[in-house]
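Colleague: I have a model open and would like to learn how to read its features with you. Could we start with a buried charge and work outwards?

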Amino acid sequence: MQDNFDSIISRNTLFWLLVTNVAVLTPQFEHATAWTLAICAICFVWRVGIYFGKVAAPPKLLVTLLAIGAAITLGLVSSQIGLLNALINLLLLGYALKYIEMRQIRDVKAVVLVGYFIIALTLLDQQTIINTLHLTLVVVINTCVLISIYQDKRKPMANALFSFKLILHSIPLAILLFVVFPRLGPLWLVPSMKTAKTGLSNELSFGDITNLTRSAELAFRVGFENPDGSTTGPANTDLYWRTLVMENYDGTTWRQDDSIINLQRQAFFQNIQRKMPTTTDETAKVYQYTVISEPSHQKWLYGLDEAFSQDKGIVELPDYRIFSIRPVDQRQSYRVSSFPNSIMDAHLSDEIRQINTRLPAETNPQTWQLAQQFKRNYPEPKARVSAMMNHFAEQQYFYTLTPQILGEQQIDDFLFNTQAGFCAHYASALVFLARASGLPARMVTGYQGGEYNPKAGYYSVYQYMAHAWTEVWIEGEGWQRFDPTAMIAPERILDGFDATFDSQTSYLQDSPFSTLRLKQYPWLNELRNQIASLDYYWSVWVLGFDEEHKQQLLQKLLGEVNTTKIAIMMLVSIIVILLFIAYFAGLLQFRPKQDPINRKYHSILQRFSQKGLPNNQQLPPVSYLQLVEQHAQSSQPGLVKLFTQFTTLYVMLKYQPLTSQERVDNLKKYNRLYQKLTLKLFTIKQISDSNSHSFL
């Protein structure tokens, strides 16, 4: 069919343009500014008026002025919303303005192509199974616009069905390319679409983690791969997900040291790796697991101590963290091996010792005096730290999500006045005490615990599980974890966050529509876990399908993988797919299936010939009935009676006009008679009649 680019847009196409405009723009609303939304709404309402014949298309001058005004506005606010968000808004405005000024088929096709581009852009940022299904539906709707151009006389439902079939036919080829095509890195680096994201920061002040306890957002998921095939991980008390290490303290805020910050900047250019521990002892603990991180738009990753990852794009920093060379702007899956019994820094360099014993001068004098008292009473380092930990349990300290505001001498005010705080308060106090007594110590932030999903066998770690703890360096033992929270609120570490705090007044307070609210209803919580399991499997099998998984799958299918076998598999698969498409397109025809009424009738005739009757199946039905009567009337009267009824119904169904109900009733009788005749002929060895004669 030859395109007529200058033809007028049909009413059917106008209808699908209204639908696809909403479908394409809706997923990008979170990136749209108020001005963009307002202009898109005006364009949509105007196009609705055009559809119902209430208004005419706007003059081009008005559209041009709107475009110029929108571009100037975006230029002014681009520094606030970010460059990429500004470009996305510009694309949305171009789509909306082109949408309103369409007059001919060529304009429609331009809008459809831009719609596909917006859908692809959305998929870069939204890759969950729900979002993927949603965007697939949007593709179907956008394709309906193209179909309506060539099938403008058909109803919208017929356009939608044909569009769905087209997308369905493309799925086999997409799967083939997904499995066989090499896993390539991005051709360009896409900057973050969001300027901020709820999560841990590389700075920590009192109250920062407390704010995270009001967030029900998912941080990451973890699936353990145990040698016995089980999926359960270590006990909750061992689920400390290391994320950041803070070594500099100015009296109010903890920060990363400049040496680590410089290493992080060099990570993209240098392959920074730690030496993996040797595990000659068969009883040594090794945890193998896969982490699926949600977009954080940061580069830090999560792992249990001591974490190693051989995945591309991940480095291992000397403070025993794993780190991504690119921001996690999409869901990222990576494999981790953890050695919980390994020694972290058996020997401490002078530089690291100096960094981790440094404290701001003339701050928290009462805490300094307490630290000196611990040093005098407990000269042995490990006993000293244990005494400091017991101090929190023996005194009247409380664990709370709403601590009081502290004064200028924060640690003093907390330890000797308010005596109530969150994990960051207690971890900061312990680090200060240890350093003031001469022991190297540092703050570690991350997440503690995890919600196990027994349906799919993985752990979900949420933002409200954010936690802070202390590491103290002990001679001969390296960095050792000490968590004073376990002394104040042991149930928080043993059984998780929910065992200590009420969810309604913490992470659910600002999340009225969170699915975590369903946890109190067993059957709804079961449904929540089922849906979450589907999304987890999608992340593991589809988003996590990297080059290694591809090679494993090809080995199962082909055995030894080589270029020849892959080429043959692709050629055969493409031929099968093309034959499949050709068949449904009507280009490939097979012998039509025989009418079931004819098939059953001729099946009975074939059985008659097998029982001794002449093979005269070409005779008309009435003539063949006479043949059966002459050969079997005297010996098989019951058979003749059944076949007479069967032939009568056959003639009625094939040659007589019947109502729908009559046809249904007669067809039921016909099928029952077929079964009776089949059974009757099965019990007869031979049809013979001495009085019969030839029928011509």
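Modeller: Gladly. Arg-221 has a relative accessibility of 6%, so Arg-221 counts as buried, the cut-off for that label being under 20%. Keep in mind as we go that this is a predicted model.

Colleague: Which residue does the side chain of Arg-221 meet in a salt bridge?

Modeller: When you find a charged side chain, look for its partner. Here the partner is Asp-535, and the N to O distance is 3.1 Å. Asp-535 sits in helix H17 (residues 522–543) and Arg-221 in strand E2 (residues 218–224), so the pair links distant parts of the chain, 314 residues apart. Asp-535 has a relative accessible area of 8%, so Asp-535 is buried as well.

Colleague: How many salt bridges does the count come to?

Modeller: The count comes to 21 salt bridges. Another of them joins Glu-471 and Arg-242, with the closest N and O atoms 2.4 Å apart. Because Glu-471 lies in strand E16 (residues 466–474) and Arg-242 in strand E3 (residues 240–246), this pair ties together parts that are 229 residues apart in sequence.

Colleague: Are Glu-471 and Arg-242 buried or exposed?

Modeller: Both Glu-471 and Arg-242 are buried. For a contrast in accessibility, turn to Lys-455 and Glu-526, whose side chains meet in a salt bridge at 2.5 Å, N to O. Lys-455 is in the loop between strand E14 (451–453) and strand E15 (458–462), while Glu-526 is in helix H17, 71 residues apart. With 39% relative accessibility, Lys-455 counts as partly exposed, and Glu-526 is partly exposed at 36%.

Colleague: How far apart in space are Gln-530 and Lys-455?

Modeller: This is a case for setting sequence separation beside spatial distance. Gln-530 and Lys-455 are 75 residues apart in sequence, and their C-alpha atoms are 6.7 Å apart in space. Gln-530 belongs to helix H17 and counts as partly exposed, at 37% relative accessibility.

Colleague: Which domains does the domain assignment give?

Modeller: Check whether a domain is one segment or several. The assignment gives domain 1 (4–150), domain 2 (203–355 + 442–530), domain 3 (365–438), domain 4 (543–585) and domain 5 (596–695). The C-alpha centres of domain 1 and domain 5 are 66 Å apart.

Colleague: Let us move to the surface. Which residues form the nonpolar patch?

Modeller: Leu-173, Leu-177, Phe-181, Ile-574 and Leu-578 form it, with about 430 Å² of accessible area together. Helix H7 (156–180) and helix H19 (563–584) are the elements that give two or more residues to this patch. Phe-181 is placed in the loop between H7 and strand E1 (203–205) and is partly exposed, with a relative accessible area of 47%.

Colleague: And which residues gather in the patch of positive charge?

Modeller: Lys-668, Lys-669, Arg-672 and Lys-676 gather there on the surface. Lys-669 lies in helix H23 (residues 660–683) and is partly exposed, its relative accessible area being 41%.

Colleague: Last, the backbone. Where is the cis peptide bond?

Modeller: The bond from Asp-305 to Glu-306 is cis, with omega near -20°. Glu-306 is in the loop between strand E6 (287–293) and strand E7 (307–308). His-297 lies in the loop between E6 and E7 too, with a positive phi near 60° in a residue other than glycine. At 11% relative accessibility, His-297 counts as buried.

Colleague: What is the phi of Asn-364?

Modeller: Asn-364 has a positive phi of about 50°, although it is not a glycine. You will find Asn-364 in the loop between helix H10 (350–355) and helix H11 (365–377), and it is buried, with a relative accessible area of 1%.

Technical notes
Residues are numbered from 1 along each chain as its sequence is written. This is a predicted model: local features need pLDDT of at least 70, side-chain atom pairs count only at pLDDT 80 or more; totals for chains, interfaces and linings use all residues. Side-chain values use heavy atoms; hydrogens and water are left out. Patches are made of residues with over 30% relative accessible area and no salt bridge: like charges are joined within 9 Å, nonpolar side chains (Val, Leu, Ile, Met, Phe, Trp, Tyr) within 5 Å. Accessible areas come from the Shrake-Rupley method with a 1.4 Å probe; for residues, only the protein chains shown count as cover. A salt bridge is a side-chain nitrogen of Lys or Arg within 4 Å of a carboxyl oxygen of Asp or Glu. Lys and Arg count as positive and Asp and Glu as negative; His and the chain ends are not counted. The place of a charge is taken as NZ of Lys, CZ of Arg, CG of Asp or CD of Glu. Helices (H or I, at least four residues) and strands (E, at least two) are DSSP runs, numbered from the N terminus. Buried means under 20% relative accessible area, exposed over 50%, partly exposed in between (1.4 Å probe, protein chains only). Domain bounds come from an automatic or database domain assignment.
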